[in-house]
Structure formats: structure tokens, C-alpha cells
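Trainee: I would like to learn how to read the places where parts of a model touch one another. Could you take me through them step by step?

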Amino acid sequence: MAQYLGIFVMLVLSTLFALVSWGMSRFAASQRPTAAKEAPFECGIVPAFEPVERFPVRFYLVAMIFIIFDIEVVFLYPWAVIFHQLGRFGLVEMLVFALAVVVAFAYLVSNGALEWGPAKRLRRVESPLVRTTASTVRKVPSSERAA
Amino acid sequence: MTPLLSLLVAQVPALRLPQVDYFALLPEIVMAGMAFVTLGARSLTRRGLPPAVWTLVTMATGLASGTLAVLLGRRVETHGAFAAVDGALAVDGFSVLFLVLVSAAVVLFALAAHPWIEREGEDGAELLSLGMLSASGAMFMAAANDLLVIFLGLEILSIALYVLAALNRRRAASGEAAIKYFVLGAFSSAIFLYGIALTYGATGSTNLARIGTYLAANVSTHGGLLLAGLALLLVGLGFKVAAVPFHTWTPDVYQGSPSPVTGFMAAVAKAGGFAALVRILFAAMPTLRLDWQPVLYALAVLSLVVGAILAVVQRDVKRMLAYSSISHAGFILVGVVAASAAGAASVGYYLLTYTFLIMGSFAVVTVVGGPADAHQDLEDYRGLARRQPLLALGFAILLVAQAGVPFTTGFLAKFYVLTAVIAQGGYVLAVIAMLAAVAVAFFYLRLVLVMYGWAGAGAGAGAGAVGPVGDADAAGAGEVVLPAGTTSLAGVGAGGGGEPDLAVLGGGGGLALATATSTGVEQAISGEGLVAAPEGLAAGDGDPVPFPDATKVVLALCVAFTVVFGIWPAPVVDFARHATLLFGLR
Amino acid sequence: MSIPGSWFLVVAAMLFTVGAIGLLVRRNVLVMFMCVELMLNAVNLTFVTFARMLHDVGGQAAVFFVLVVAAAEVVVGLGIIVAIFRRRAGATADDLHMLKG
């Protein structure tokens, strides 16, 4: 049972940390809410319904990029453990691996995945599709609008 | 934590570096490396290069890796098969055959995709580098001698294909196809992986050669575990090659994906899946043959029957080709069921010829489809022979070859598969396969007739009936073209038209239907001259179809391969046979 | 005080089954992704257990690869979802009904 002591201590500590940091912000900050402050828009008009939450796609994008680069590091740990035994072979292999990741990163940067400012250079795509009233109207079904 | 760490640390003193034979890996390295180079170059050029550059680079990559594979084949011939990279890769005639096949598919894909890229204004570098990456995955699958390497190859192949399927961003169907492919693909990958884990637990290794020796030497004490692992492996690969109980994703994904991608998917995913299947079953688990043979037998019969019946009742050409690819998968499974060297050779030969047939066919579908791949209906092919005679002629040859008409590679492929299974005493399976081939030939011939405006009546019945897929047009075709076959065809339509995905037909019933259909088709063929209506009877022409140069090249290559090696089969057949003489490492 | 290895295998099998059933039953695409993850992690547990039982590192090495593959798979899946559902309200598989026949 003694071998699980570390895990238990870790569990207690992490719970304590979460509780303390949550409680501190709760009690230490001064809070004087008013109805106007809690309204979604402070423009004087009472909102008719809950505003639609907006999730910028960029958040997803950054999260996805993070997952990939985060998980690539998994390979670095076992490699680092036996780095000296591997010698030059290991170094070269890891450089090749890193190169592959860097190419992917270069692609992301060139596609503007990491640009957070206002969209400066949106690529213009020459669409061969002719847009007519018929096609555009059909793209917005009336039933969906009404709902 | 501590025991795991100590286990890791205990291994450290015994560390030995694997002998990496880079020459043996070169085809895969070139393919994957050029995918990264393409992506890097695309990222670094600000303005973007013309699409032709990427097409040429991809073609050069395919040619280079194919040449390297042939050189590797020379070395295998002189020195014999060997295992590379500490037993993780098998270098033998079988893997060389598939390396060449995948390289050829990459060249054809670059050519077939070029007109599509220019038409849709998509990013050629993205499409082609993903294609090369996916191809490298298939190459790893074919050369793998370790279940984990097979899994990694499978994932490289599939993940790139998911993105390729979604690549047409302006078409909602493309995204829908991608998500369907993704969910079912991830599901099947997980099942396959669980099969690997159980096999590993039962035999103590993921290396195919070591599993083989273990199973040959020991009477397994973990029989259930091993069989469960084997079953899960079969299910996982069954999804990938679209064998029948696991085929439901195929029509939707084939229809929704961009047309050139569909062709590539059909050729390469099938090649990778069958290469892995044959290698796992023949190299690692020949001792379990009595366990896996009946399962594959059932899969083969179901794929043949269901594929043939449902192909006939489709109206969308891409869906028809999807069901016909299921029927092809059934044929290839017949070769696997043979479980002999000849069987493995026939599987390789079938896949090689199928690659050219299907890539050429989808190159035509790409061109006829028009912007956003919109024109896929049978009606859009009406009178194609008048609008683009050469295009129609090439397509007709490829379709007829897929039907298995003599003097084409398609016929020889079916022939070798059947001789392989008959040599093992599988007469019943051979008969079922032949009947299914006749049934599915109806669909190919119908498409050819529509293109040439002959038997315009047959498809003309469908012109008015825009109704849902199924009974109407099958019955209509029966009425006009083949009076005697009417009832049988209508029966087929009723059986399969309503819910194609759920239609599970009993073996006996399916066989009866197939027989009925076959008689109808024979009459259709014999009566062709009588029914042939003068051209121009059919409705007005569709849109003019362009015929870009790249499509001309790819069509010429595919037709030349199909016809030349159909009449003079020796080189390709020898190549395929050579592949299996060296097959097996143990 | 050691739990026999077979228990881990049973837990892994149950997790895998939960994932598989969830994937087939649930209609929300994101939940389906989670089910795939559950299946893959059940396999990981199986691999580690067998590695321990067989005293072989191979199974542990496999887990690394599976982790990375799972991450790549999920990222691609999320990318496709974002591309499709940008213009739609909810991520439900029932909305995907264009392709039929």
C-alpha cells in the first residue's frame, strides 16, 4: 500500500490547490454586481433572448495544432533516455523527425493559422462557379431561417 | 510506475542499434520525403506556383519510387527475399509488386487530378502531397513485416485519405463523405488495433515472422485469445477493403469525394488492405487456415453477390463504380481464399490491373463530372460518344475490361483468381464468382450502351423516371431491351433497390437472382444488334465535355496497359508470379 | 496486494465495448470521436497489460505509437468537423443525409 502514498499525496495537493485558488478569487475580490453589469449587452436594451455564443474557429485551430506538437514530444522522452547509446544515429534520426514537424509548422504559418490580427490577406479564390440568384437562394433554405 | 520504469531501464544495457538498410526503404523514403518537400515548397513560395509544377513533381516522384522498387526487385531476384530494419520490413517479390503498383497509382493520380485542380481552383500542392503521403502509407503496409508497422501504414494511408475526401470545400457532399469515412475508418482502425493487441498477447510478438514460427512450434494455449485477435484483424481489414458486411461506407464516400480522389482511394486503399491481409494470413497465420478460410469464403460470396446486385440498380455512376468495386473486392477475396502461392499471385495481378482500370475510369468521371463534380448521373453520359468520341471509346474499353471481356487484363485477372481457387478445389465458389461476374457485366454494358446512344430506349426509360434509385429503371431497362429478363431484373430491383445498405441476401436467394440476371444479360448481348436504335434517338446532348491533355495521357496509359497486356500477358503475369515465388520469409 | 493481469484485460475489453457501442448509438459526432478515443485507450491498456505479463517492452512501445496516431486522427476529425459545421447549428450525424441511394 505504501507505494500508492505518493499518488495519494498528489491527489490531496492538487485538490487543495484547486480549492484554494477558486476560493481566493471568490473571497479576496470585491464584487458589487448590478443588473446592468450582468446583462449580456450594456446598451440599455433588454435582450430578448440569450445571445448566440461565438466560437472563433481560430481557437479550435490553435488547440489542434497544440495537440499535434504536444504529442510529438512523446517520442523525445524515450529518445532522450537512451540518447548516449544511440550516438550519431539517434541524432540524425531525430533531426529528420524534427524536420518533418518543422515542415508542417511552416505550412501552418504560411496558411496564416497563427495570425491573430484582423484578416489581412485572405486568399482570393477564383471560383469557376457562377453565382446566380437561383443558386444563392437555394443555399439558404427558408425553413432553417425561420427556426 | 516503478516496475514499468525498471522494465525500461533493464533494457538499456542490452541496447543494440537496428541495422537500417536504407536501400530497402528507399521507395517509401522517396515517396514520403517528396510529400514533405512539396508541402515545404508550397509553404515557402508566397505567390504559389502553377499547378502543373506540382503535377510534374508528383509524377516524377511516382516514377522514381517505382524505378527504385524495380531495382529492389532485381536485388531480391539475385539475393533472395530478406527482412530489413530489424525484421520490421519484408523485402520480397510481393512487396516489390505492391510498391510498383502504388507508384503507378501515384503517377496516374497526378495526371487524373490535374484537370480537376485547374477546374476547381483548389490547391494542387495540398492535394498531391497528401496523395503521396497516403501512397507511402500503402507502401509501408505492403512491405510491413510487423503488425504495428502495418497499423502505422494503415493510419498514414487513411488519415491522408480522410483529408483528401474533404478537400472540395465548396461542395457539402465532400465534407459529408469525409466525416462518414472518418468515423467508420477510425472505428475499423480501433478494431484492427485491438486485434493486434490480442494477437500480441496470445503469441508474445507483433512481428509476423515470429508469430508464424511461434504458431508453427506451439500448440496455442490461448486459443480463444488468438482467434478473437484474428477475427478483429479480419473485421478491421474488411472495412478497409470494403468487403460486404463492412461495405456500407463505400457508396457514400465514393460518391461524395472528389472524383480523382475516389479513383485513388479505390486503387490504393484496396491494394494496401489486401497486401496486409495476404501477408498476415499467409505469412503469420497459415497454421490457422482452417479458421480463417471459411470466414473469407463467406465474405467473398457476400461481396460478389451484393456488389453485383446493387451495382445494377444504381443511377449515379460513382455509386455504381463503388458497388462494382465491392464486387471486385469479392473477386480478390476469392484469390485469398485459395490460400496458395497461386492465390497470392492472382491477388497481386488482380490489384495491379484493377489499379489501371479504376484510375482510368475515374479520370473520365472527373472530366464528365464538370464543375463541382455535379454531373454524375447515368443521363449525363448519354451520347458521350458523339460529344467526345475518344473519351467515350477509352471509357468503354475500361468498362468492358472491368466486366471481364477476353483480350483485356480484366479477363485475365478474373481467370487467374478462378484457376487459383479451382486448383484448391473451390468449385462452388468459382461458379458463384462467374455468375456474379456475368451479373455485374450488365451494369458495365448498360453504361457503354448509354454512352453510344444504342439501346437508347433502355436507359431512355430512365430519362423520364427521375424517381429514386431502383425498381423503376431496372424494370424499365428490362422491358425494352430484354423481354425475357424483365421479371428477373425487376426482382433484383425489388430486392436490392429499397435499402441497399441493409439488404442482406441469403446465399441461396442471391445465387438464384444472379443466375436469373445472367440469362437476361446474355440475351441483352445477343440481342444487342436487334435493339440498336439509330443514334440520335435519345434526348438532347448534355453539356459539352472537355478533354484535357492530362486526361488524354492517363486514359491512353490505362487503355494501353489494359489492352496490350491483355493480348500479350507474359510480362505482367511473370512479374506477378515472380512476386509469389519469393513470397514468405520463414 | 497485486491485481491479476486478467482483470486489467477485462476492464479494457469493457471499455472497448462501451466505446464501440457508444460510437454506434450516439448521434453527436463529437461524442462519437470520444468513443473512438475510448476504444483506442482500451487497446492501450491491453497492450500495457500484455507487456507486463509477457515481460516484453514491445507492448509499451506500441502505446506511444497509438497515442500519436490517436492524436493525429482526432485533429483531422476535428478539422473536418469544423469545415462542415461552420454553417450549421449542431454537430449531429443525422444531418448528414445528402448521400443516399
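Mentor: Two residues are taken to be in contact if their C-beta atoms, placed from the backbone, lie within 7 Å. Please keep in mind throughout that this is a predicted model.

Trainee: With that cut-off, how many residues of chain C are in contact with chain B?

Mentor: On the chain C side there are 32 residues, and they are in contact with 41 residues of chain B. Helices α1 (5–25), α2 (29–54) and α3 (58–85) of chain C each supply at least two residues to the side that touches chain B, and α3(C) gives the most, with 14 residues.

Trainee: Which classes of residue make up the side of chain C that touches chain B?

Mentor: That side has 25 nonpolar residues, together with five polar and two charged ones.

Trainee: And what does chain C contribute where it touches chain A?

Mentor: Chain C brings 12 residues to that contact, and chain A brings nine; the residues from chain C divide into 10 nonpolar, one polar and one charged.

Trainee: How should I read a pair of helices within one chain?

Mentor: One looks at the axes and then at the residues between them. In chain B, the axes of α4 (residues 93–120) and α24 (residues 549–567) come within 8 Å and cross at roughly 145°, and the crossing of α4(B) and α24(B) is left-handed.

Trainee: Which residues make the contact of these two helices?

Mentor: Among them are B:L108, B:L111 and B:H114 of α4(B), and B:T551, B:V554 and B:L557 of α24(B). By class, the contact of α4(B) with α24(B) has eight nonpolar and two polar residues, and no charged ones.

Technical notes. Residues numbered from 1 in each chain as written. Chains lettered and ligands numbered in written order. Predicted model: local features only at pLDDT ≥ 70, side-chain atom pairs only at ≥ 80, totals over all residues. Helix = DSSP H or I, 4+ residues; strand = E, 2+ residues; numbered from the N terminus. Nonpolar A, V, L, I, M, F, W, Y, C, P; charged D, E, K, R; others polar. Axes fitted to C-alpha atoms, helices over the stretch in contact; angles between N-to-C directions. Left-handed = near helix turned anticlockwise from the far one by under 90°.
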